[in-house]
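Please read this briefing alongside the sequence and the 3D structure shown here.

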Amino acid sequence: MSPQTVESRIFTHMNEDHELSLYAMVQSTLSQKEKQSLVNVKNCKLTAISLNEVRISYTACETNSSSQKEVVLPIEPPMLSMSECRPKLVELHHRCLAPKFSWWITEPLSRTVVLSMAGLGYAYYCVDMQELVEQNEMIAVVAGEKGEVFAYAVKISWLFGIAAHIAEAIYAAFICKTLLKMKNAGTFAWFVIISITGYPMMSKVMKFASIQKNINASKKSKMK
């Protein structure tokens, strides 16, 4: 089979059946500033592949406009021949679907959730509410003289936050294994980071799931 035929089959297969992989690859190249300016990324298409790089075009949707852009992902180490293309693309797929633990610091919403939970945890385990109320008249007015209301609010917020994050993490792990067919390492990484941050990271898994469900639905409609 000629190299041109192999390349053509790769393009067709990736663009028709692996939109999720291409979306994840595009997302992995975007800076935090670019992600914040975009409303959506869609129409991801593999446009070129060589021994040392992959090129993907996509539509960058902003609030009032959209534009066609392209990203380049290096293949490291470079392939020796195009016969290595499939395992390299599978490797890129799993690498780009896995989360980066730096996100809980670099992404503003995740950072806010983590700091809020850290504050609640510190207040729940380390702060004497009665002493705090006695030292702060404003809190005393809101929480009562003995601080029972404030202490109860902190306790409920902390326990609810922990329970919600764990529930989200378990559901995300289920999606990663059953729908996204991720490896154990990637699934566990999502479980850990969602346990820490909750919704901000869970929303990324749900976006992956939405894309994969659309792909599966498209496949089913073609089979009818």
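This is a predicted model: local features need pLDDT of at least 70, side-chain atom pairs count only at pLDDT 80 or more; totals for chains, interfaces and linings use all residues.

Residues are numbered from 1 along each chain as its sequence is written, and side-chain values use heavy atoms, with hydrogens and water left out.

**Overall fold**

- The protein has eleven helices and three strands; helices (H or I, at least four residues) and strands (E, at least two) are DSSP runs, numbered from the N terminus.
- Along the sequence the order is α-α-α-β-β-β-α-α-α-α-α-α-α-α.
- Of the 224 residues, 36% count as buried; buried means under 20% relative accessible area, exposed over 50%, and partly exposed in between, with a 1.4 Å probe and protein chains only.
- Among the contacts in the protein with a separation of 6 or more, 54% come from residues 24 or more positions apart; contact means heavy atoms within 4.5 Å.

**Strands 2 and 3**

- Strand 2 (residues 53-61) and strand 3 (residues 66-74) run antiparallel and are joined by nine bridges; two strands pair if DSSP finds at least two bridges between them.
- A hairpin of four residues connects strand 2 to strand 3.
- I56 has V71, in strand 3, as its bridge partner.

**Helix 2 and V26**

- Eight of the eleven residues of helix 2 are buried, so this helix is largely enclosed by the rest of the structure.
- The buried residues in helix 2 are L20, S21, L22, Y23, A24, M25, V26 and Q27.
- V26 lies in helix 2 (residues 19-29) and has a relative accessible area of 0%.
- Not counting residues up to four places away in sequence, V26 touches V41, C44, I56, Y58 and V71; I56 and V71 are also the bridge partners named above.
- V26 and E70 are 44 residues apart along the chain, and their C-alpha atoms are separated by 8.5 Å.

**Helix 4**

- Helix 4 (residues 85-97) has 13 residues and reaches 18 Å from its first C-alpha to its last, close to the 18 Å expected at 1.5 Å a residue; the expected span is 1.5 Å times one less than the number of residues.
- C85, K88, L89, L92, H93, H94, C96 and L97 are the buried residues of helix 4.

**Aromatic pairs**

- The whole structure holds five aromatic pairs; rings of Phe, Tyr and Trp (its six-membered ring) pair if their centres lie within 6.5 Å, and planes under 30 degrees apart count as stacked, over 60 as edge-to-face and the rest as tilted.
- In one of them, the rings of Y124 and Y125 have centres 4.7 Å apart and planes at 75°, so the pair is edge-to-face.
- Y124 is partly exposed, with a relative accessible area of 31%, whereas Y125 is exposed, at 59%.
- W190 and F208 also form an edge-to-face pair, with 6.2 Å centre to centre and 80° between the planes.
- That pair links distant parts of the chain, with W190 in helix 10 (residues 184-197) and F208 in helix 11 (residues 199-223), 18 residues apart.
- W190 is buried at a relative accessible area of 0%, and F208 is buried at 6%.
- Y23, W103, W190 and F208 make up one aromatic cluster.

**Helix 11 and K204**

- Helix 11 has 25 residues and reaches 36 Å from its first C-alpha to its last, close to the 36 Å expected at 1.5 Å a residue.
- The buried residues of helix 11 are P200, M201, M202, K204, V205, F208, A209, I211, Q212 and I215.
- K204 is placed in helix 11 and lies over the face of W103, at 4.9 Å from the ring centre; a charge sits over a ring if NZ of Lys or CZ of Arg is within 6 Å of the ring centre and within 35 degrees of the ring normal.
- The side chains of K204 and E107 are joined by a polar contact of 3.1 Å; a polar contact is a pair of N or O atoms within 3.5 Å, where within protein one must be able to donate a hydrogen and the other to accept it, and residues adjacent in sequence count only if both atoms are side-chain atoms.
- Leaving aside neighbours within four places in sequence, K204 is in contact with W103, E107 and W190.

**T197 in helix 10**

- T197 belongs to helix 10 and is buried, with a relative accessible area of 0%.
- T197 touches W104, S110, V113, V114 and H165, not counting residues up to four places away in sequence.
- T197 and I162 are 35 residues apart in sequence and 9.9 Å apart in space, C-alpha to C-alpha.
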